Amino acid sequence: MIRYVRKIVNRVRVMVLIGPGQVLEGLPADFALSMEDIPDEPEDTEAGRDLPDEVMRELCDNLDRWRRSTTTSSASRPSC
């Protein structure tokens, strides 16, 4: 949200909409949001979602067995 506010304040200031009757009327002339005022970008939401190596190894080692069991069990299921 603060990034958006900074962008809008800067654009409005460039368009000289800070005087009486304008969008930013009453905002002090020296008001500014600097890059230091903006928090760091949030971490990637995908980070940390990988399965541990041991789990991946176990899954890969047993993939054929699971594939056979699902093929066998799906064959015994009635089709829709």
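The following passage describes the fold, the surface and selected side-chain contacts of a predicted model.

Residues are numbered from 1 along each chain as its sequence is written, and side-chain values rest on heavy atoms, with hydrogens and water left out.

The chain contains three helices and zero strands, and from the N terminus on its elements run α-α-α; helices (H or I, at least four residues) and strands (E, at least two) were taken as DSSP runs and numbered from the N terminus. Of the 80 residues in the chain, 8% are buried, where buried denotes under 20% relative accessible area, exposed over 50%, and partly exposed the range in between, with a 1.4 Å probe and protein chains only. The accessible surface of the chain, about 7,300 Å², belongs to carbon and sulfur atoms for 57% of its extent; areas were computed by the Shrake-Rupley method with a 1.4 Å probe, and for residues only the protein chains shown count as cover. When contacts (heavy atoms within 4.5 Å) between residues at least 6 apart in sequence are considered, 42% of them join residues at least 24 apart.

For helix α1, the 13 residues should span 18 Å at 1.5 Å a residue, and the end C-alpha atoms are 18 Å apart, which agrees; the expected span is 1.5 Å times one less than the number of residues. This helix is followed by Val16, which has a positive phi near 55°. Val16 is also touched, together with Leu17, by Gln22, when residues up to four places away in sequence are not counted. Gln22 belongs to the loop between α1 (2–14) and α2, and is partly exposed because its relative accessible area is 33%. The C-alpha atoms of Gln22 and Val12 lie 9.4 Å apart in space, with a separation of 10 residues in sequence.

On the surface, a nonpolar patch with about 490 Å² of accessible area together is formed by Leu51, Val55, Met56, Leu59, Leu63 and Trp66. Such patches are made of residues with over 30% relative accessible area and no salt bridge, nonpolar side chains (Val, Leu, Ile, Met, Phe, Trp, Tyr) being joined within 5 Å and like charges within 9 Å. Two or more residues of the patch are given by each of α2 (53–61) and α3 (63–76), and the largest share, three residues, comes from α2. Val55 is located in helix α2, and it counts as partly exposed because its relative accessibility is 36%.

Asn62 occupies the loop between α2 and α3 and is buried, since its relative accessible area is 12%. The side chains of Asn62 and Arg65 are joined by a polar contact of 2.6 Å, a term that denotes a pair of N or O atoms within 3.5 Å, of which, within protein, one must be able to donate a hydrogen and the other to accept it, residues adjacent in sequence counting only if both atoms are side-chain atoms.

One salt bridge was found in a search of the whole structure, the criterion being a side-chain nitrogen of Lys or Arg within 4 Å of a carboxyl oxygen of Asp or Glu. Asp64 forms a salt bridge with Arg67, with the closest N and O atoms 3.3 Å apart. Both Asp64 and Arg67 lie in helix α3, three residues apart, about one turn of the helix. Asp64 is partly exposed at 47% relative accessibility, and Arg67 is partly exposed with a relative accessible area of 46%.

Conventions
This is a predicted model: local features need pLDDT of at least 70, side-chain atom pairs count only at pLDDT 80 or more; totals for chains, interfaces and linings use all residues.
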